[in-house]
Amino acid sequence: MKAHVSIVVPTYNRKKKLQQCLKALINQNYPKERYEIVVVDDGSTDGTYEFLQETRKEIQNLRVLRQRNKGPAAARNLGIKNAQGEIVFFVDDDVIVPNNWIKEFLNVFRKYPEVAAVSGYVEASEEVLRKNIFAQYEAYMSRLAYNMPRTIYIGSFETFGGATCNVAYKREVLEEVGGFDETFPVAAGEDADLKLRVALKGYKFAFIPLKAIHIQDYTLKGFWKQQVNRGIGNYYFRKKWQSFFNKDELKNIRAAPNYNIPRMILKDGKLLMLALFLIAVIANRYGQIKARKILKKEEEK
């Protein structure tokens, strides 16, 4: 599939990680003239924009956009609006994709024309996985709680993946559904919302077990923040779609069955994983409380 593609990367105050992300994007085994890298600086104050201005002098297929700080959903929408490709790839600024990323995703689009989006997964590097419990938890839960497939999977909303850290959408589909919902206040939930709206249009999704390396901060502080944000995003997502969950048109696109996760973790004898799961539950609930407060303030304005 010789498609011209665009890679949209929202970024905010993570210059050092962005440098690693860009290096992987520049080194794709795909013709440079057939893809562009669109980095959207979401109002960074750490010198990111100045770094990008210098970098684009050296990289012909790099484009740089800037906006005041409005969040990753708004940054991605700006990227979509300015993208020239018929397929739009999304990756986060703390993710390193493999050098065959573009080719592998385009092969799926070519083989399965009914598919609107293709995604892989993110995980820490093998070195980090060997010694970091938070990275191990991320990988463990992907396989246990979310049932990550080991081979290609084609389906609807239940399809594993779709997170904007490692996904590609047909541009015409993004335009049809209006892109990302910018009312989501954090980088969580807005990708599931987009995926659901695309699924409701009858489109299919593909997942392939293509790993991108997550270079996030695998610390207790980072873990807590991530889980709180997921709670906020989940609350916004559930509130937005609450009245639709029991309707007939959603019956075939529900997520995978709700596993008894604690029991499964105990069955595996992973006591430390169980402890982290309980911390994640608490953080998630705290995030939902924060989300309710945010919405209440918005309604009072």
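Author: Before we start, helices (H or I, at least four residues) and strands (E, at least two) are DSSP runs here, numbered from the N terminus. The model is a predicted one.

Reader: Fine. Where is Asn13, then?

Author: Asn13 is in the loop between strand S1 (5-11) and H1.

Reader: On to H1 itself. At what angle do H1 and H2 pack?

Author: Helix H1 (residues 15-26) packs with helix H2 (residues 48-55) at about 30°, and their axes are 10 Å apart. Angles under 35 degrees count as roughly parallel, so H1 is roughly parallel to H2. The crossing of H1 past H2 is right-handed.

Reader: Which residues meet there?

Author: From H1, Lys15, Leu18, Gln19 and Leu22; from H2, Thr48, Phe51 and Leu52. By class, that contact of H1 with H2 has four nonpolar residues, two polar and one charged.

Reader: Which residues have the most contacts inside the largest nonpolar core?

Author: Ile7, Leu25, Phe89 and Trp101 do, in a core of 37 residues. Helix H4 (residues 101-111) gives the largest share of this core, six residues.

Reader: What does Ile7 touch?

Author: Leaving out residues up to four places away in sequence, Ile7 touches Leu25, Tyr35, Glu36, Ile37, Val38, Phe89, Val91, Trp101 and Ile102.

Reader: What about a second core?

Author: There is a separate one of 36 residues, and Ala83, Ile232, Ala283 and Ala291 are among them.

Reader: Switching to Gln288. Where does it lie, and is it buried or exposed?

Author: Gln288 lies in helix H11 (residues 271-300). Its relative accessible area is 18%, and buried means under 20%, so Gln288 counts as buried. Apart from neighbours within four places in sequence, Gln288 is in contact with Gly231, Ile232, Asn234 and Tyr235.

Reader: Now H8. How many of its residues are buried?

Author: Nine of the 11 residues of H8 (residues 190-200), so the helix is largely enclosed by the rest of the structure. The buried ones are Glu190, Asp191, Asp193, Leu194, Lys195, Leu196, Arg197, Val198 and Ala199.

Reader: What do they pack against?

Author: Helix H3 (72-82), strand S6 (115-123), strand S8 (167-170), helix H7 (171-177), strand S9 (204-214) and helix H9 (220-241). Just after H8, Gly202 takes a positive phi of about 95°.

Reader: Last one, Gly161. Where does it lie, and what does it touch?

Author: Gly161 lies in the loop between strand S7 (153-155) and S8. With residues up to four places away in sequence left out, Gly161 touches Ser119, Gly120, Lys195 and Phe207. Lys195 is also one of the buried residues of H8.

Reader: How far apart are Gly161 and Ile208?

Author: Gly161 and Ile208 are 47 residues apart in sequence, and 8.8 Å apart in space from C-alpha to C-alpha. Gly161 is itself partly exposed, at 27% relative accessibility.

Definitions and conventions. Residues are numbered from 1 along each chain as its sequence is written. This is a predicted model: local features need pLDDT of at least 70, side-chain atom pairs count only at pLDDT 80 or more; totals for chains, interfaces and linings use all residues. Side-chain values use heavy atoms; hydrogens and water are left out. Buried means under 20% relative accessible area, exposed over 50%, partly exposed in between (1.4 Å probe, protein chains only). Contact means heavy atoms within 4.5 Å. Axes are lines fitted to C-alpha atoms, for helices over the stretch in contact, and angles run from 0 to 180 degrees between N-to-C directions. Angles under 35 degrees count as roughly parallel, over 145 as roughly antiparallel, 65 to 115 as roughly perpendicular and the rest as oblique. A crossing is left-handed if the near helix is turned anticlockwise from the far one by less than a right angle, and right-handed if clockwise. Ala, Val, Leu, Ile, Met, Phe, Trp, Tyr, Cys and Pro count as nonpolar, Asp, Glu, Lys and Arg as charged, and the others, Gly among them, as polar. A nonpolar core is a set of buried Ala, Val, Leu, Ile, Met, Phe, Trp, Tyr and Cys residues joined through side-chain atoms within 4.5 Å.
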